[in-house]
Amino acid sequence: MADLEKIEIRDVTRIERIGAHSHIRGLGLDDVLEARTVSQGMVGQKEARRAAGIVVQMVREGKIAGRCILLAGEPSTGKTAIAVGMAQALGNETPFTSMSGSEIYSLEMNKTEALSQALRKSIGLRIKEETEIIEGEVVEIQIDRPATGTGQKVGKVTMKTTDMETTVPYTEKEIKEILKIRCEEEDCQISNDALMVLGRIATETSLRYAIQSITTASLVSKRRKAAEITVEDIRKVYSLFLDEKRSSKILKEYQDEYLFYDDSLPKTASDERQAQAMEVESN
């Protein structure tokens with residue numbers, strides 16, 4: 001009887017992407033709507049979380065129907081995290097639809113229509129009237145009049161919203177605590193030195209970049225069969241994947257070598273300021 005051929009079967013490791021805010025369980029508030037230091041995956045932003053808790057209470061009491069909430073702040077200050085925390089606090093009975101900027105652009109439709117579709121998906125009703133209300137203090141009004149004196153006028157209104165709608169940058173201690181929670185969420189071990197370096201990277205680049213580096217650093221450590229993420233793993237990931245600042249620097253440095261680069265096109269005021277800044281930096 002002929003020997004059966006040996007067939008080598010390899011296990012295929014399935015990598016599932018963990019959402020950036022999958023660790024958020026709520027707003028982390030106590031019974032009197034005061035924000036705890038670390039609770040339900042939330043760290044820092046106590047004033048904004050307390051304000052969000054007041055809004056959640058108003059939603060539960062039916063006192064905010066037909067109104068919108070604006071969360072303003074710098075990138076990587078927890079605006080999306082607070083929105084997810086509000087959705088978790090309201091429970092499954094309150095519809096919550098998440099949207100990203102890339103999703104809107106890929107739909108090839110204007111922002112109003114994209115927002116209308118998201119609202120229809122959330123509440124299951126056909127919207128017949130659209131109203132946008134932004135509350136705040138008007139601090140500046142600019143009107144650009146055409147040089148010819150005829151034609152459509154273009155204006156700009158600068159508003160200052162209330163403190164309850166504004167988020168502030170995270171402190172170094174809060175960033176470190178968030179990264180620690182993310183490592184626990186992604187089930188990976190990290191050394192204290194590596195966590196410190198990752199926190200420094202988050203401060204210099206962005207918190208989002210540092211969070212996304214955890215998964216890749218974990219894969220690097222597993223490849224060398226290590227039990228935890230070390231500083232060398234963080235450095236390797238940092239050298240392989242560029243953040244927004246370094247990417248922009250490379251794009252500006254090699255912009256004249258791109259296929260569709262045209263130096264004859266008129267430059268905007270922003271381009272002129274960037275060119276001057278690069279010239280000063282090089283000198």
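**Notes on the predicted model**

1. Leaving out residues up to four places away in sequence, S191 touches E228, I229, T230 and V231, where contact means heavy atoms within 4.5 Å. S191 itself is placed in the loop between α5 (172-185) and α6 (192-204), the helices (H or I, at least four residues) and strands (E, at least two) being DSSP runs numbered from the N terminus. The side chain of S191 also reaches the backbone nitrogen of A194 at 3.2 Å. With a relative accessibility of 14%, S191 counts as buried (buried is under 20% relative accessible area, exposed over 50%, and partly exposed in between, with a 1.4 Å probe and protein chains only).

2. On the basis of these coordinates, which are a predicted model, local features need pLDDT of at least 70 and side-chain atom pairs count only at pLDDT 80 or more, while totals for chains, interfaces and linings use all residues. Residues are numbered from 1 along each chain as its sequence is written, and side-chain values use heavy atoms, with hydrogens and water left out.

3. For the overall fold, the secondary structure comes to 10 helices and four strands, and from the N terminus on the elements run β-β-α-α-α-α-β-β-α-α-α-α-α-α. Of the 283 residues in the protein, 25% are buried. Among contacts between residues at least 6 apart in sequence, 54% join residues at least 24 apart.

4. L27 lies in the segment before β1 (38-39) and is buried, with a relative accessible area of 4%. Leaving aside neighbours within four places in sequence, L27 is in contact with Q40, M42, R49, A52, G53, V56, I82, G85 and M86. For one of these, R49, which is 22 residues from L27 along the chain, the C-alpha atoms of the two residues are separated by 6.2 Å.

5. The accessible surface of the protein comes to about 21,700 Å², of which 51% belongs to carbon and sulfur atoms; the areas come from the Shrake-Rupley method with a 1.4 Å probe, and for residues only the protein chains shown count as cover.

6. V138, I141, I143, V157 and M159 make a nonpolar surface patch of about 450 Å². The elements giving two or more residues to this patch are β3 (137-144) and β4 (154-160), and β3 gives the most, with three residues. Patch residues have over 30% relative accessible area and no salt bridge, with nonpolar side chains (Val, Leu, Ile, Met, Phe, Trp, Tyr) joined within 5 Å and like charges within 9 Å; a salt bridge is a side-chain nitrogen of Lys or Arg within 4 Å of a carboxyl oxygen of Asp or Glu. M159, in strand β4, is partly exposed, with a relative accessible area of 34%.

Notes
A polar contact is a pair of N or O atoms within 3.5 Å; within protein, one must be able to donate a hydrogen and the other to accept it, and residues adjacent in sequence count only if both atoms are side-chain atoms.
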